[in-house]
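Let's walk through this structure together, starting from its overall division and ending at a single side chain. Please keep the 3D view open as you read.

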Amino acid sequence: MSLVENGNTRLGRFVETPVAGEIVRAFVPPPLPPHPPIDVLRLLDRLSLAERALGRLDGITVLLPRHDLFLYMYVRKEAVLSSQIEGTQSSLSDLLRFETEAQSGEPVGDIREVSNYVDAMMYGLERLKTFPLSLRLICEMHGRLLQDGRGGNKDPGAFRRSQNWIGGTRPGNALFVPPPVTELDTCLDGFERFMHEDASRLPALLKAGLLHVQFETIHPFLDGNGRIGRLLVTLYLCVHDVLREPLLYLSLYLKTHRAQYYRLLQEVRERGAWEAWLEFFLDGVAQTANQAFDAATRIVALFKQDRERIVAAAERANSALRVHDLLQQNPFATANRLASQTGLTAPTINAALADLKRLGIIEEVTGRRRGRVFGYRAYLDILNDGTAPLQAE
């Protein structure tokens, strides 16, 4: 397909701009939607599969006995994966144990960054109930994402006022240089307009894919662009009722296929190859939704099976069931926290934990005599699938 039609083009333009004593060519993308228009016919089969997978995932939330718990865990899994793409080494177990043990002081290092991501995500989801998806909301989430972390000196909550770049040791040898500050307001204004337009008549899933790339290309913040850009996909689909619950998170797919992901972003910028990107994006949506559906199904079956084992074999079934219920909310627990949450005495809690350990449902994970932490291993195994920290390439 030709990239030029009626004077419009899918190709952006380069602007020479001075940065740190050298002149670099910064890329300014054309506004969305692309011209010539997206070849939707080429994408129909993949679009249908993705929509079907999302519908199936959305449907299971009605069947889950505690869909809020599934959402709670999936938000944390996404926070870990999205942060890993940016270089953190925290695992999901690290985050959950930190939340469980309530260690003194504030989270540090990588766990702080993941914890901030959870906060930014939950803030955005709650804010959408009364406020539109907009540049202002994106800035508010960014402010929470970078609070008190390594990005705390990177203007949290504010669009950049200096040039940034991607890859390389300096702007002159960078893989990609986003728009200069002088073009940023125009790019962002076009971005926000496209979020709310209806004239293109594009399906919401395709618009979400277009918006993600455009945001990554504009790269409007000094830090945190990738994490906000990935979160934007889920928020957009919730706003447009493609999802009733925010259960679709693409970071595992993008982490697994990150070389292809970065290549396709560049091909959009260099050649206007939007259809190739959208094929990859739709495949990711379908695969991710199917994985989440399968995980939800496995979790429901596990909880049911373990409850039946407790009823049949536990010496103190009632208290063991209460502890098991709390372990569904967080698969790590301490005796003190369980006593506080249930109102049961310490001896009763310890007896219930001993029952669950004997049945092989939980195990002690610290090896300590005091302050012991118990983990719901089979539940953790399902949640941890794919969350091992990235290895350097």
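Domain bounds here come from an automatic or database domain assignment. On that basis, the protein chain splits into domain 1 (13-295) and domain 2 (315-384). You are looking at a predicted model, where local features need pLDDT of at least 70 and side-chain atom pairs count only at pLDDT 80 or more, while totals for chains, interfaces and linings use all residues. Residues are numbered from 1 along each chain as its sequence is written, and side-chain values use heavy atoms, with hydrogens and water left out.

Let's begin with how the two domains meet. Taken over C-alpha atoms, the centres of domain 1 and domain 2 are 36 Å apart. Counting contact as heavy atoms within 4.5 Å, 13 residues of domain 1 touch 18 residues of domain 2. The buried area, meaning the accessible area (1.4 Å probe) that two parts lose on being put together, summed over both, is about 1400 Å² between domain 1 and domain 2, and carbon and sulfur atoms give 56% of that area.

What is the count of salt bridges between domain 1 and domain 2? With a salt bridge defined as a side-chain nitrogen of Lys or Arg within 4 Å of a carboxyl oxygen of Asp or Glu, the count is zero. Two elements, α2 (67-85) and α3 (92-101), each give two or more residues to the side of domain 1 that touches domain 2; helices are DSSP runs of H or I with at least four residues, strands are runs of E with at least two, and both are numbered from the N terminus. The largest share of that side, seven residues, comes from α3.

Now turn to a sheet. Strands pair if DSSP finds at least two bridges between them, and an open sheet of three strands runs in the order β5-β7-β6 with antiparallel pairing. β5 (332-333) and β6 (363-364) each have a single partner strand, so one side of each is left without a neighbour in the sheet. Two antiparallel bridges join β5 to β7 (residues 374-375), and phenylalanine 332 faces glycine 375 of β7.

Finally, zoom in on glutamate 22, which lies in strand β4 (residues 22-28). The side chain of glutamate 22 reaches the backbone nitrogen of glycine 172 at 3.1 Å. Apart from neighbours within four places in sequence, glutamate 22 is in contact with Thr17, Arg170, Pro171 and Gly172.

Note on methods: A polar contact is a pair of N or O atoms within 3.5 Å; within protein, one must be able to donate a hydrogen and the other to accept it, and residues adjacent in sequence count only if both atoms are side-chain atoms.
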